[in-house]
Amino acid sequence: MRLTLLYVGLFLTSAACLLTITYFLVEQQLPQVTTSAGAVIMGRDGQVTGGSASGTAACSPAPDTLPAPAQAGTCQLQAVAVRAASGTLNRLLIESGVALGIMAVVSVGLGWLMAGRVLRPLRTITAAARRISARNLHQRIGMTGPEDELKELGDTFDQLLGRLDASFRAQRQFVANASHELRTPLARQRTVLEVALRDRQTTNASLRAACERALAAGEQEERLIAAMLTLARGERGLDVLEPFDLGAVTADALAACHDDAVERDLTVAADLGTATAMGDSGLAERLVANLTDNAIRYNKPGGRVEITAGTREGRPFLAVANTGPVIPPDQLPRLFQPFQRLDPARTARTGPGGPGSSGLGLGLGLAIVSAIAAAHGAELRAVTQAAGGLRIEVWFPPGPDRLARTGRAERTEVLV
């Protein structure tokens, strides 16, 4: 109704302006009656059609005098012309008003139809939005018609539904996987405690062993929960961006995993330089720790780990490569999904970084890396190596050069 009234108002306003302009144009084209030196001039071309020596005043003589015959004819001609022009303008005004009234009524119907046509796609989108819920996000509007703003709105809404559908499916899968992963240590913990309680010949040593096994299961639960919290924090995004040196963060992560690399007889070569990036230094530390832990844990005895951090083409980057087992290229995307392992039997123990230090062994390590990289707007590149192992590169957006001028400018080579 509001659109209809708007259309009618715009039509009446424009029609009234048009009729007003037409009225004045017609008035200017009608014959004009004036006097000039006693001659009556009729018409816009200035042609003299009659005249009198007394001019206009002769058409209004004194009450006690009579106009001359010539003057009387001129005055009558002038009166006829004035009446004809006035009648024409009056008829034009009346007929225009009638036509405007008729068209005003017609414009109400046309405006209603036009408003309905304009709002029909919006009603379709509104109905779809009311109909679609979390259980049927697969439905789409499927707007048809010309490529205009309304179809673009419908297509945008369909794309939004697609993203929501993918997000809901990922969340459902994540909850299902998390429930399954948590059920295993909980069941192990409960079984150990029940067996210990039912054993009538239990000793202090057996009780101690049962308690240690229950504590180990609890630590696994803590690691899993901490890893899931880190993953959720990375997927949430960053509220505040602060500068940090990616090279310094990498050096700290290498120092933390030094003993683990020595225990596995691995050679770690690090080429670290200043790499100033913007983001959350805590999450960046977790990203580097997960990558280094992954490269060390899933490596072959006597293998090699290469870590490079620096700035190339104005962008901070981190590259981690190892000589682990051969990874089929088609299986590579699965490694960056939560709770997805290349080999489910590979559940490496947690390194010296402490409980929950990386999330690896739980199927969350590289998923956390992917989430943190996405939160920083970084580009994640992963390629399999023909001889075995994996090379992962993280390219951060260009950061300020403030730390580049005051930070660690030297490059170091670290061999373990």
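Q: Angles under 35 degrees count as roughly parallel, over 145 as roughly antiparallel, 65 to 115 as roughly perpendicular and the rest as oblique; which of these words describes H5 and H7?

A: H5 and H7 are oblique to each other, because their axes cross at roughly 50°. This is a predicted model, in which local features need pLDDT of at least 70 and side-chain atom pairs count only at pLDDT 80 or more, while totals for chains, interfaces and linings use all residues. Residues are numbered from 1 along each chain as its sequence is written, and side-chain values use heavy atoms, leaving out hydrogens and water.

Q: Where are those two helices, and within what distance do their axes come?

A: H5 covers residues 246–256 and H7 covers residues 281–297, and their axes come within 9 Å. Helices (H or I, at least four residues) and strands (E, at least two) are DSSP runs numbered from the N terminus. Axes are lines fitted to C-alpha atoms, for helices over the stretch in contact, with angles from 0 to 180 degrees between N-to-C directions.

Q: Which residues meet there?

A: From H5, the residues are Leu246, Val249, Thr250, Ala253 and Leu254; they meet Ala284, Glu285, Val288, Ala289 and Thr292 of H7. Contact means heavy atoms within 4.5 Å. This contact has 7 nonpolar, 2 polar and 1 charged residues (Ala, Val, Leu, Ile, Met, Phe, Trp, Tyr, Cys and Pro are nonpolar, Asp, Glu, Lys and Arg are charged, and the others, Gly among them, are polar).

Q: And H7 with H8: at what angle do the axes cross?

A: The axes of H7 and H8 cross at roughly 145° and come within 9 Å. On the H7 side, Leu283, Ala284, Arg286, Leu287, Asn290, Leu291 and Asn294 take part, facing Gly365, Leu366, Ile368, Val369, Ile372 and Ala373 in H8. By class, the contact of H7 with H8 has 9 nonpolar, 3 polar and 1 charged residues.

Q: How do the axes of H4 and H8 cross, then?

A: Here the angle is roughly 25°, and the axes of H4 and H8 come within 7 Å. H4 is therefore roughly parallel to H8. Ala227, Thr230, Leu231, Gly234 and Glu235 of H4 touch Ala367, Ile368, Ala371 and Ala375 of H8. The contact of H4 with H8 comprises 6 nonpolar, 2 polar and 1 charged residues.

Q: Changing topic: how much space lies in the largest pocket?

A: The largest pocket holds about 370 Å³ of space. On a 1 Å grid over the protein atoms alone, a pocket is an open set of points with protein on both sides within 12 Å along at least five of seven lines, a cavity is a set where a 1.4 Å probe fits but cannot get out, and lining residues have an atom within 4 Å of a point. Points are joined across faces, edges and corners, and a volume is the space filled by probe spheres set on them.

Q: What lines the largest pocket?

A: There are 16 lining residues, and Ala170, Phe174, Glu235, Gln337 and Pro338 lie nearest the centre. H3 (149–198), H4 (204–236) and H8 (365–375) each give two or more residues to this lining, with the largest share, 5 residues, coming from H3. The lining of the largest pocket divides into 9 nonpolar, 6 polar and 1 charged.

Q: How many cavities are there?

A: The count is 3 cavities of 30 Å³ or more. The second largest cavity contains about 50 Å³ of space.

Q: Which residues line the second largest cavity?

A: Leu291, Asn294, Ala295, Val320, Asn322, Leu390 and Ile392 line the second largest cavity. H7, strand S8 (315–322) and strand S10 (390–395) each supply two or more of them, and H7 has the largest share, 3 residues. This lining has 5 nonpolar, 2 polar and no charged residues.
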